[in-house]
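Hi,

Here is the structure I promised to pass on. Have a look at it first, and then read my notes below.

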Amino acid sequence: MGTFYVDSYNDYPDTSYIKIPTNPLERVIGQDDAVKIAMVAAKQRRHLLLVGPPGVGKSMIAQAMSFYIERPTEEIRVVHNPQYPERPFVEIKTREEVMAEREEETSTSGIIIDPKDAPTSVAERLGYRCSKCGFYSSPSDAVCPNCNSPKVQMGTQGPFGDVFNVIGAAFGVQNNLDKVTLTRRNGDHDEIIVYERYNDKIRVLDEKTLERRRRLEKKSPSKTIVPIDRNPFVLATGASETELLGDVRHDPYGGHPQLGTLPYERVIAGSVHEAHQGVLFIDEITHLGNLQRYILTAMQEKSFPITGRNPQSAGASVRVDKVPADFILVAACNINDLPYILSPLRSRIVGNGYEILMKTTMKDTEENRMKYLQFISQEITMDGKIPHMTMEAAGLIIEEGKKRAKIIDKKNNELTLRLRELGGLIRAAGDIAVFKGNKLIEKEDVEEAIKLYVPVEEKITKEYGSMAAAYSSENTTSQKDFYNYNLDDRSYE
Ligand SMILES: Nc1ncnc2c1ncn2[C@@H]1O[C@H](COP(=O)(O)OP(=O)(O)O)[C@@H](O)[C@H]1O
Ligand SMILES: [Mg+2]
């Protein structure tokens with residue numbers, strides 16, 4: 001036991017003193033080659049295939065790559081096509097254009113004022129002010145809450161004149177206007193000024209604002225399907241076809257101009273589009289089966305059409321061509337699954353990227369033990385519900401890591417990198433410490449957790465008869481899941 005306490009980390013009182021890197025790639029321990037290549041791939045926009053058993057850091061690396069990726073510069077929209085609504089156009093807006101538009105939008109919103117600050121005639125005609133008693137109330141009140149008289153708009157020259165107003169008020173019909181236009185003298189010309197209802201306030205639009213509004217309204221309506229402010233990391237785990245490739249929602253009224261929603265409004269982006277200019281991470285890529293060929297197409301074209309994927313749906317007749325899908329593919333799989341990756345997809349990745357075999361163990365050196373401590377500290381910090389660990393307890397985790405390298409990977413003097421499982425052990429020990437009311441996870445808590453949750457050797461020999469049997473079972477599909485469940489996917493969460 002004493003051999004675990006080398007001077008360098010004997011200095012720490014407990015694991016809370018161990019610094020955690022802010023850079024997410026530096027939090028990945030023991031996979032130095034993979035981390036280096038991932039960094040290059042992110043900067044150079046290359047694809048990546050991460051091969052290895054569960055829980056060694058594949059997802060972690062994929063996610064961390066987005067740390068090195070430039071933020072997206074393009075927003076993707078679909079625009080109504082008046083000639084042929086079922087073929088909406090695609091429109092790309094740069095970040096600058098999006099920002100300029102946002103500015104323009106705020107400059108068309110006019111000035112919001114209190115009804116009391118508007119000319120009384122305007123406040124009356126918009127239904128805020130009672131023309132009898134001068135009381136201000138919501139335009140949705142047809143009758144003045146103060147004097148009970150109908151809010152009649154004098155001077156409103158509807159076809160029924162004031163008679164209608166009176167009758168209307170009696171029936172609870174609102175008959176006040178939602179817009180009043182006035183002209184006012186500005187220097188040597190008359191200027192139009194519009195007052196609009198805006199909840200319990202009034203919006204005032206001058207001529208310049210109105211002009212800008214008219215320009216905006218002339219544009220074809222559009223919908224943003226991939227916004228400029230988006231996460232450049234998109235996870236597609238065993239995604240459904242529509243999730244992966246996009247869809248056009250069904251509308252029972254189809255494209256009926258009055259009843260239905262216009263086709264462009266029903267277009268939804270898929271993961272391949274959301275990952276445009278970012279990372280598309282596909283965990284267990286072989287689970288996609290046939291869908292792999294769509295990924296390949298998207299990678300070749302750097303775009304993918306969006307169409308309604310349910311043939312029974314009204315969306316099926318809608319199609320948007322050439323929707324950008326220029327992503328970095330990061331795919332992950334087990335060694336056993338390699339033959340099931342669509343071979344042109346795999347050669348596409350290799351042709352413009354890297355394949356990485358993840359490590360399952362690392363040498364038991366002082367430096368790597370420090371990394372283990374960093375890992376322990378990370379797991380505890382990320383969990384947030386358990387206390388830190390004494391150095392003695394951490395030494396036991398390291399010992400367990402060494403044991404596992406020997407048992408699972410048959411490596412002497414190495415430390416396991418199947419760290420998801422080890423994280424589970426740390427959390428289990430943490431839960432025991434919390435249960436006991438300990439301020440730190442003690443050695444005894446780790447011992448107890450090992451006994452309760454991870455008697456690895458016993459379990460394996462019990463389930464398989466021998467380690468050799470356990471390994472050979474990895475090759476048969478029927479037992480593979482069983483093996484994975486027991487060895488790799490065990491989680492204590
Ligand atoms: N190399 C590693 N360094 C640090 N932590 C790791 C590493 N590998 C796994 N972990 C821990 O295990 C968890 C699961 O790892 P993950 O990246 O999802 O594994 P994989 O994708 O290979 O199945 C991570 O969130 C992290 O807490
Ligand atoms: Mg994963």
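**What I found**

Strands S12 (residues 279–282) and S15 (residues 328–333) run parallel and are joined by four bridges. One residue pair to look up there is Ile-282, whose bridge partner in S15 is Ala-331. Before you go further, keep in mind that this is a predicted model.

Those two strands belong to an open sheet of five, with parallel pairing and the order S9-S12-S15-S1-S16. At the edges you'll find S9 (233–235) and S16 (353–357); each has a single partner strand, so one side of each has no neighbour in the sheet. On average, neighbouring strands here are turned by 15 degrees against each other, ignoring direction.

What lies across the sheet's strands? Helix H2 (residues 32–44) lies across S1 (47–51), S15 and S16, and runs at about 165 degrees to S16.

Now for the ligand. Ligand 1 is surrounded by 19 residues, and the closest are Gly-57, Lys-58, Ser-59, Met-60 and Arg-420. Helices H3 (58–65), H12 (366–383) and H14 (419–436) are the elements that each give two or more residues to this shell. By type, the shell residues divide into nine nonpolar, six polar and four charged.

H4 (residues 95–107) reaches 19 Å from its first C-alpha to its last, close to the 18 Å expected at 1.5 Å a residue.

Cheers

Terms used. Residues numbered from 1 in each chain as written. Chains lettered and ligands numbered in written order. Predicted model: local features only at pLDDT ≥ 70, side-chain atom pairs only at ≥ 80, totals over all residues. Near = placed C-beta within 6 Å. Nonpolar A, V, L, I, M, F, W, Y, C, P; charged D, E, K, R; others polar. Pairing = 2+ DSSP bridges. Axes fitted to C-alpha atoms, helices over the stretch in contact; angles between N-to-C directions. Contact = placed C-beta atoms within 7 Å. Expected span 1.5 Å × (residues − 1).
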